[in-house]
Amino acid sequence: MMRRTCMLWPVLLVLAACGGRSAADYTALEQAHAGPLEFSVQADGELRAVTATPLLVPGQQWTPRQLSWMLPDGSHVTKGELVARFSATQSRQDLAQARIDLERNLIARAGKQDELAGKRGQLDVDMIQVDGQLAIARRYAHATLAAIARNDILDAVQDAAYLGVRRQILQWREQQSSARGKAELAVLDAQHNTYDMVAKQKQADLDALELRAPHDGVLVLERDWSEQLPHVGSSLWAGNSFASLPDLDALEVQLAVPQIEAQGVAVGEAVELHPWGRPDQAVTARLDWIAAAAQPRDRESPVKYLLMKARVPADAVRRYGWTPGQRFAGTILLLKTAQGMSVPNLALGGDGDAATVHVLSGGNEVVRKLKLGVRGATRTQVLDGLHEGDRILLPTGGNGAGA
């Protein structure tokens, strides 16, 4: 918002003979006058902490949570005090499923052990039987012709060879069964470890449904991507930011200024700040940060705003009891002088690198080169080139380069 110190008198001009311009080229003129000059820009913003302790939704990362109880925003809390309580229906269901899977795994492992024991017992029986038959076959294979017939001896020799091969096969099957059994048990053990880990995680989720303050402070709830504050019934995700405990000795106001009004604002400019509705609590600070580019504040409006930050004195915070999240109004002071001149931006033209203005002198149009100072949203300070009483011509749209 700009405060004009120069009087504006609309006067219809008839300048058909002046510099080839017609009367339609001008709508009014303004008489230059030196006096108190002040340029300022109005802004609004929010009190925020420079540093703060984040409070995250408890539980394993990305575990669903539902807020069932919470302290109001701005509450004063002490170390260890309960801030919020959550419920986790999904985690409770997952824990029950993990426990069922563990029981099934134990039953499957016991069944596999019984199966392996049965196979091992059958192989042992077959091995004992083959060893007995092999001993008999070997004894007859070495008998003399006087003891038994030749064909019986040959049959015994063949039986001994067959039983020897069969014994080797049984030994191979026993080794394979043992290796395969160990592998199958290892798979079941790995599944058991997985189910057990899931069960422990879900139990830990159910044990982490309360959020407590790590130290004394003021609770400041965090807005989500849609600028909504958490509320009872909200669905949240573990690990996401829920609130913060700001450092009350380091607070700043983040201001938003419409881009069209932010021209000329620079770091170091003085700014007067006060909470909305409390001008009696005004303090003076200086801008210490300005965003590099303007951004829209919401999706429904294309208007872009330039963000700026200014530290507020810690003693004022303690004196007035300010808390983060309060809305503030700000007046950025671009220029304040007891004596000065200014011209409307729409009256400014250009001649190379120099600024110019058209004045009416003796009934003729004269171009003056100006030395400019601070530029505001609608007016610019003139340091040199303009004299008291000069009548400045205000061209219509299209003729004023500074419009």
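**Exercise 1: A loop asparagine**

Asn-345 has a relative accessible area of 4% and is buried. The model under study is a predicted one.

Task: Determine where Asn-345 is found, and state which backbone oxygen lies 3.1 Å from a polar atom of its side chain.

Solution. 
Step 1. Asn-345 belongs to the loop that runs between strand E19 (327-344) and strand E20 (348-351).
Step 2. The backbone oxygen in question is that of Gly-376, at 3.1 Å from a polar atom of the Asn-345 side chain.
Step 3. The cut-off for the term buried is a relative accessible area under 20%; Asn-345, at 4%, is therefore classed as buried.

**Exercise 2: A loop isoleucine**

Task: Is Ile-260 buried or exposed?

Solution. 
Step 1. Ile-260 is located in the loop between E14 and strand E15 (270-275).
Step 2. The relative accessible area of Ile-260 is 67%. A residue is called exposed when this value is over 50%, so Ile-260 is exposed.

**Exercise 3: The largest pocket**

Task: State the volume of the largest pocket, and describe which residues and elements line it.

Solution. 
Step 1. The volume is about 830 Å³.
Step 2. The lining of the largest pocket consists of 29 residues; those nearest its centre are Glu-46, Arg-48, Arg-223, Glu-227 and Gln-254.
Step 3. Elements that give two or more residues to this lining include strand E4 (35-49), strand E13 (241-246), strand E14 (251-258) and strand E18 (304-311).
Step 4. E4 gives the most, with six residues.
Step 5. Sorted by class, the lining of the largest pocket holds 13 nonpolar, eleven charged and five polar residues.

**Exercise 4: The second largest pocket**

Task: Identify which residues lie nearest the centre of the second largest pocket, and which element supplies the largest share of its lining.

Solution. 
Step 1. The second largest pocket has a volume of about 220 Å³ and a lining of 15 residues.
Step 2. Nearest its centre lie Asp-224, Gln-228, Pro-230, Ser-235 and Leu-236.
Step 3. At least two lining residues come from each of strand E12 (235-237) and E13; the largest share, three residues, is that of E12.
Step 4. The classes in this lining of the second largest pocket are six nonpolar, six polar and three charged residues.

How values were computed. Residues are numbered from 1 along each chain as its sequence is written. This is a predicted model: local features need pLDDT of at least 70, side-chain atom pairs count only at pLDDT 80 or more; totals for chains, interfaces and linings use all residues. Side-chain values use heavy atoms; hydrogens and water are left out. On a 1 Å grid over the protein atoms alone, a cavity is a set of points where a 1.4 Å probe fits but cannot get out, and a pocket is an open set with protein on both sides within 12 Å along at least five of seven lines; lining residues have an atom within 4 Å of a point. Grid points are joined across faces, edges and corners, and a volume is the space filled by probe spheres set on the points. Helices (H or I, at least four residues) and strands (E, at least two) are DSSP runs, numbered from the N terminus. Ala, Val, Leu, Ile, Met, Phe, Trp, Tyr, Cys and Pro count as nonpolar, Asp, Glu, Lys and Arg as charged, and the others, Gly among them, as polar. Buried means under 20% relative accessible area, exposed over 50%, partly exposed in between (1.4 Å probe, protein chains only). A polar contact is a pair of N or O atoms within 3.5 Å; within protein, one must be able to donate a hydrogen and the other to accept it, and residues adjacent in sequence count only if both atoms are side-chain atoms.
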